[in-house]
Amino acid sequence: MDSQGGPYLNKKALCSPLGAARLCQLAMGCAVIAMVTHSAGFSGSHGVFCMAAWCFCFAMSVVVFFLDATRLYSCLPVSWDNLTVTCSAFATLLCYSTSVVYPLFFVRSECPYAGCHVRNFRIAVTTCSILGTLAYGAEVALCRARPGQAVVGYMATVSGLLKVVQGFVACIIFGALANRSEYSRYVATIYCVVVYAFCFTLTVLVVVMTVCGRTKAVRCMPFDRFVVVSTLLEVLLYLSASVVWPVFCFDTKYGSPWRPSSCPQGKCPWDSKVVVAVFSFLNFGLYMADLIYSQRIRFVSSRMPSNSRV
């Protein structure tokens, strides 16, 4: 018992839907890592990515569960609610990616040279990864702010969750840019890279300010207005990049609208350019949705008491 007469451990960390979701995350993460290292195996850059993602998510779940169960999160100079929902949203995206990438590159209908037990282990790994994705998604759903309820933190709102998705999509764009995209051939494509980097930095800044409880660091305007202004800037920049990049990559004057027949699979610059173009449009749509919802939060918040502001 602590000095206040309560238990040392947080019972809600176990005996609650949120605790059950986190225990499921730990179980699935442990099962995936054990099966991959035991028999399923991994190789190449795609396998390394999947294994790194699973290990990162598992380690993050262990830390979050331990801090929540022992109440030691109160010693950290962060907003715990914002931190946990940010971590669970990011882990959801990571596990979803591995649930697609791993079976795509490692699961085959026929048995590999190592035998059918390897294939069966890989199918089991994929299943556990999908269940882990659902567990992380359940935590996001349990923590997400709902209409008519008091908002615990900005990251629990739709706008906050969109920030996590925007950052994740930007990481995919950076990966495609680094994979033989030939972005340095034209000044216009270099401009697009600068836009992606600037918007990513601005998005991360908003997330870090929220998680660290530094929302009052912007002295010239309220934080909700800063979010709207920065999101509008990102929308305009992504709009320009979403137009400029396809023109300078697929127009016949600068590139090719069709995939060259001599381009090797997995090492073709044209493929990377397509990935950048597709995810640029996707992120533009995410920023547009974020702008609409951020404006809605600002409008509602202005009519709420100060202790309920996002």
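A salt bridge is a side-chain nitrogen of Lys or Arg within 4 Å of a carboxyl oxygen of Asp or Glu. In this predicted model, R22, D68 and E139 are linked in a network of such salt bridges. The protein chain has eight helices and zero strands, and buried residues make up 43% of its 310 residues.

**Overall fold**

- Read from the N terminus, the elements of the protein chain run α-α-α-α-α-α-α-α.
- Of the contacts between residues at least 6 apart in sequence, 74% join residues at least 24 apart.

**Salt bridges**

- Searching the whole structure gives six salt bridges.
- One of the six is formed by the side chains of E139 and R22, at 3.1 Å from N to O.
- This pair links distant parts of the chain, with E139 in helix α4 (residues 116–143) and R22 in helix α1 (residues 17–40), 117 residues apart.
- Both E139 and R22 are buried, and both belong to the network that also includes D68.
- E234 and K163 also meet through their side chains in a salt bridge, with an N to O distance of 3.8 Å.
- Because E234 lies in helix α7 and K163 in helix α5, their pair ties together parts that are 71 residues apart in sequence.
- E234 has a relative accessible area of 0% and is therefore buried.
- K163 is buried as well, its relative accessible area being 2%.
- A further salt bridge joins the side chains of E182 and R185, at 3.3 Å from N to O.
- E182 has a relative accessible area of 36%, so this residue is partly exposed.

**Helices α1 and α4**

- The axes of α1 and α4 are 8 Å apart, and the two helices pack at an angle of about 160 degrees.
- Angles over 145 degrees count as roughly antiparallel, and α1 and α4 are therefore roughly antiparallel to each other.
- The crossing in which α1 passes α4 is left-handed.
- By class, the residues of the contact of α1 with α4 comprise 21 nonpolar, six polar and three charged.
- The E139 and R22 salt bridge has one partner in each of these two helices, E139 in α4 and R22 in α1.

**Helices α3 and α5**

- Helix α3 (residues 80–106) and α5 have axes that come within 9 Å and cross at roughly 40 degrees.
- The two helices α3 and α5 are therefore oblique to each other.
- α3 passes α5 in a crossing that is right-handed.
- On the α3 side, the residues that meet α5 are V85, T86, A89, F90, L93, L94 and S97.
- Their counterparts in α5 are L161, V164, V165 and F168.
- The contact of α3 with α5 has nine nonpolar and two polar residues, and no charged ones.

**Helices α5 and α7**

- Helix α5 (residues 158–178) packs with α7 at an angle of about 30 degrees, the axes being 14 Å apart.
- That angle makes α5 roughly parallel to α7, since angles under 35 degrees count as such.
- α5 and α7 cross in a left-handed sense.
- From α5, the residues S159, K163, A170, I173 and L177 take part in the contact.
- From α7, the residues that meet them are V227, T231, E234, Y238 and W245.
- Sorted by class, this contact of α5 with α7 has six nonpolar, two polar and two charged residues.

- T231 is part of helix α7 (residues 223–250).
- Its relative accessibility is 0%, so T231 counts as buried; the cut-off for buried is under 20%.
- Apart from neighbours within four places in sequence, T231 is in contact with K163, Y287, D290, L291 and S294.
- K163, one of these contacts of T231, lies in helix α5 and pairs with E234 of α7.

Definitions and conventions:
Residues numbered from 1 in each chain as written. Predicted model: local features only at pLDDT ≥ 70, side-chain atom pairs only at ≥ 80, totals over all residues. Heavy atoms only, no water. Helix = DSSP H or I, 4+ residues; strand = E, 2+ residues; numbered from the N terminus. Buried < 20%, exposed > 50% of the residue type's maximum accessible area, 1.4 Å probe, protein only. Contact = heavy atoms within 4.5 Å. Axes fitted to C-alpha atoms, helices over the stretch in contact; angles between N-to-C directions. Parallel < 35°, antiparallel > 145°, perpendicular 65-115°, else oblique. Left-handed = near helix turned anticlockwise from the far one by under 90°. Nonpolar A, V, L, I, M, F, W, Y, C, P; charged D, E, K, R; others polar.
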